[in-house]
Amino acid sequence: MTTAEDRPTRRLGAALAAAVVAGSALAATPAATATEVPAPAEKAPILATPVADLAARGMEVPDPNADGYDKFIVTYKETASAAATAQGRAHAWGKAAKQAGVSVKELRATAVGSRVIKADKKLSQAESAEFMETLKADPAVESVEPDVIFTAALDPKDALYNQQWGFHGANGMRVPGAWDHSTGSGVTVGIIDTGQTSHPDLDANTVPGYDFISDPGNARDGDGRDADPTDEGDWSVAGECNSPYASDSSWHGSHVAGTVGAVANTEGVVGVAPDVKLQHARVLGKCGGSLSDIADAIVWASGGSVPGVPDNQTPVDVINMSLGGSGACSATYQNAIDSAVSRGVPVVVAAGNDNRDASGATPANCDNVITVAASDSSGNRSSFSNYGSPVDVTAPGTDIISTVNAGKTTPSSSTYAAYNGTSMATPHVAGAVALMLAKDGSLTPAAVESALKDNARSMPGSCSGGCGAGLVDAATTLASLGGGSDPAPEPEPEPEPEPDPDPIGGELLTNGGFEQGATGWLGTGNSTPVYSAAGSHSGNYHAAMNGLGYRNTATIEQRVSLPAGTTSTLSYALRVDSNEGTSAAYDRMSVMVNDGIASYTLKTHSNMEQGRGYATHTADLSRFAGKDVTVFFRGEEDAYSATVFRLDDVSLTAR
């Protein structure tokens with residue numbers, strides 16, 4: 001498929017469902033410095049000694065028991081005759097229930113002889129303590145304890161998890177709630193794509209696959225089909241693959257695999273289903289891949305027989321195909337898909353990236369597939385995504401960070417990058433399907449599709465043309481299969497606090513207007529106090545970040561103590577100057593706080609705010625009251641046009 005971006009991009013293979021590179025989250029080899037937006041002048045001293053990168057080391061996990069309990073475990077004394085009957089046990093907790101103003105019923109016995117009771121409403125922590133104390137005073141009762149809710153052990157500490165908005169963002173797929181039910185153990189996902197690369201976030205979950213590229217020239221491994229699905233790179237030089245442009249290797253299959261099932265560890269990213277197994281069927285090489293190779297891979301991956309190819313010893317449970325082309329669904333494609341579905345294997349495919357009706361894109365328009373459109377972090381259909389009646393559901397597909405290789409042509413070291421595409425949305429859904437099948441292996445492909453659609457939520461933003469049933473809600477879908485706990489409703493966003501004109505705690509930051517240059521601030525990268533009365537919000541100085549036009553990260557930060565028992569408000573003026581377009585957030589600046597345990601993103605700005613002049617923003621830091629924190633601004637540019645983030649009049653007050 002072709003891409004629909006408004007600027008030159010690297011071609012990622014003619015048959016890919018176009019993962020458009022949105023910039024690497026980690027440093028890659030810099031290109032030439034951009035000339036469109038000049039780098040900030042260095043009239044004032046560069047910000048002081050570089051500090052360690054404060055990438056988030058985890059997400060804050062809410063306590064599910066913070067608002068109290070409605071279930072309790074009661075152990076009765078062995079000698080108490082009242083414990084022998086339901087009426088006697090009810091008499092024991094009757095007084096406590098009356099005092100608490102609740103109605104209580106007995107649910108079940110436990111394996112160790114206790115009884116679980118449930119109130120008709122949740123009691124606060126204090127009310128629960130009083131209820132238990134009153135109940136325990138009954139002579140028939142040995143002990144009482146709350147039936148505490150434990151969340152799954154999966155609390156991602158992966159360093160880039162905070163950037164995976166598609167999982168936990170307000171307009172994401174609500175993946176963490178699904179982990180209460182399943183993490184994908186026992187399920188194998190087939191990645192029919194460019195093949196695999198060695199990566200610390202993938203290796204432990206990868207099982208043997210197969211290389212189905214029959215053309216040795218396109219395969220680049222010196223032979224045709226074989227049992228080694230290693231991605232040899234899909235780069236091309238100018239004039240090849242019907243393109244006048246040269247193209248670096250995409251490592252598309254690795255990126256897709258990471259979204260499906262990157263392991264949960266302390267580095268990089270985590271997958272939607274971090275305990276699945278990943279099996280690569282390599283079909284895309286130089287210039288893409290052939291229909292016959294793709295069709296054979298579908299049949300083989302799902303457990304069917306392919307002449308001349310050993311049978312698959314670990315058939316997959318769901319297939320991800322982040323690839324496609326234009327035209328009607330051919331008989332070969334449809335027969336291969338029907339073959340997989342007949343063996344109980346759902347096939348999840350990309351809608352395509354041409355910003356047109358998916359009825360003209362294949363395999364998106366085939367029968368018996370789950371076709372996925374892409375959305376952005378604002379909840380809108382992604383500008384490039386196809387749409388229309390073939391689309392079944394939508395999932396996050398803009399600015400998706402995942403696992404790749406750093407090699408420009410052949411494989412080298414492992415790294416991470418953010419891509420755009422329905423190719424990126426599709427593995428979000430394939431991962432969700434893996435979670436579903438791990439919880440209920442009896443689900444048919446039709447039942448899987450129905451559950452995804454029935455539990456999808458309306459698009460939070462806009463979708464012209466049709467986005468199927470809406471945005472996949474992993475938590476609600478998994479809860480609908482029974483067991484676990486229902487996901488908490490998404491809270492309404494709180495309005496931004498107004499700055500207090502007379503704060504009790506006074507100004508907590510030093511040199512927030514940068515009028516003393518770098519005094520009080522530390523920084524990394526291209527972050528510079530700039531002398532420019534015309535370019536500043538007020539005074540003669542402001543701080544300028546990035547503006548290089550190639551992949552880079554810049555930070556400025558200040559350590560501060562927030563008084564206990566106060567409401568703290570951060571305010572700042574920001575102007576964005578950019579030569580990027582406004583169709584997507586290519587370059588970003590995040591406003592963050594680190595409390596010594598984790599980093600938290602308060603606000604995110606991007607090149608899409610260019611041309612608006614200075615705007616004042618606020619963020620509430622009250623939850624960090626009584627802590628020593630680092631407030632920092634982190635700017636990131638991708639590999640294309642330059643963006644300068646201009647920061648001025650930064651203020652932090654407490655009242």
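The model is predicted, and local features are given only at pLDDT of at least 70, side-chain atom pairs only at pLDDT 80 or more, whereas totals for chains, interfaces and linings use all residues. Residues are numbered from 1 along each chain as its sequence is written, and side-chain values rest on heavy atoms, with hydrogens and water left out.

An open sheet is formed by seven strands in the order 7-8-6-9-11-13-14, with parallel pairing. Helices (H or I, at least four residues) and strands (E, at least two) are DSSP runs numbered from the N terminus, and two strands are taken to pair if DSSP finds at least two bridges between them. The edges are strand 7 (206-211) and strand 14 (393-396), each of which pairs on one side only. On average, neighbouring strands of the sheet are turned by 25° against each other, direction ignored; axes are lines fitted to C-alpha atoms, for helices over the stretch in contact, and angles run from 0 to 180 degrees between N-to-C directions. Within the sheet, strand 9 (residues 318-321) and strand 11 (residues 347-350) run parallel and are joined by three bridges. Met321 stands opposite Val349 of strand 11. Helix 9 (residues 422-439) lies across strand 6 (188-193), strand 9, strand 11, strand 13 (370-375) and strand 14, and runs at about 125° to strand 13. Contact here means heavy atoms within 4.5 Å.

Eight aromatic pairs were counted. Rings of Phe, Tyr and Trp (its six-membered ring) pair if their centres lie within 6.5 Å; planes under 30 degrees apart count as stacked, over 60 as edge-to-face and the rest as tilted. The ring centres of Phe167 and Trp179 are 6.3 Å apart and the planes stand at 70°, so this pair is edge-to-face. Phe167 belongs to helix 3 (residues 165-168), while Trp179 is in the loop between helix 4 (175-178) and strand 6, twelve residues apart. Phe167 and Trp179 are both buried, buried being under 20% relative accessible area, exposed over 50% and partly exposed in between (1.4 Å probe, protein chains only). Ring pairs join Tyr161, Phe167 and Trp179 in a cluster. Elsewhere, Arg220 lies over the face of Trp235, 3.4 Å from the ring centre; the criterion is NZ of Lys or CZ of Arg within 6 Å of the ring centre and within 35 degrees of the ring normal.

The whole structure contains 18 salt bridges, defined by a side-chain nitrogen of Lys or Arg within 4 Å of a carboxyl oxygen of Asp or Glu. One of them joins Lys118 and Asp70 (3.6 Å, N to O). Lys118 is in strand 4 (residues 115-123) and Asp70 in strand 2 (residues 69-76), 48 residues apart. Lys118 is partly exposed, at a relative accessible area of 27%, as is Asp70, at 21%.

Asp296 and Arg225 also meet in a salt bridge (3.0 Å, N to O). Asp296 lies in helix 7 (residues 291-301) and Arg225 in the loop between helix 5 (216-219) and helix 6 (252-261), so the pair ties together parts 71 residues apart in sequence. Asp296 is partly exposed, at 25% relative accessible area, and Arg225 is partly exposed at 27%.

Between Glu636 and Arg588, the closest N and O atoms of the salt bridge are 3.9 Å apart. Both Glu636 and Arg588 are buried. A network of salt bridges links Asp399, Arg588, Arg634 and Glu636.
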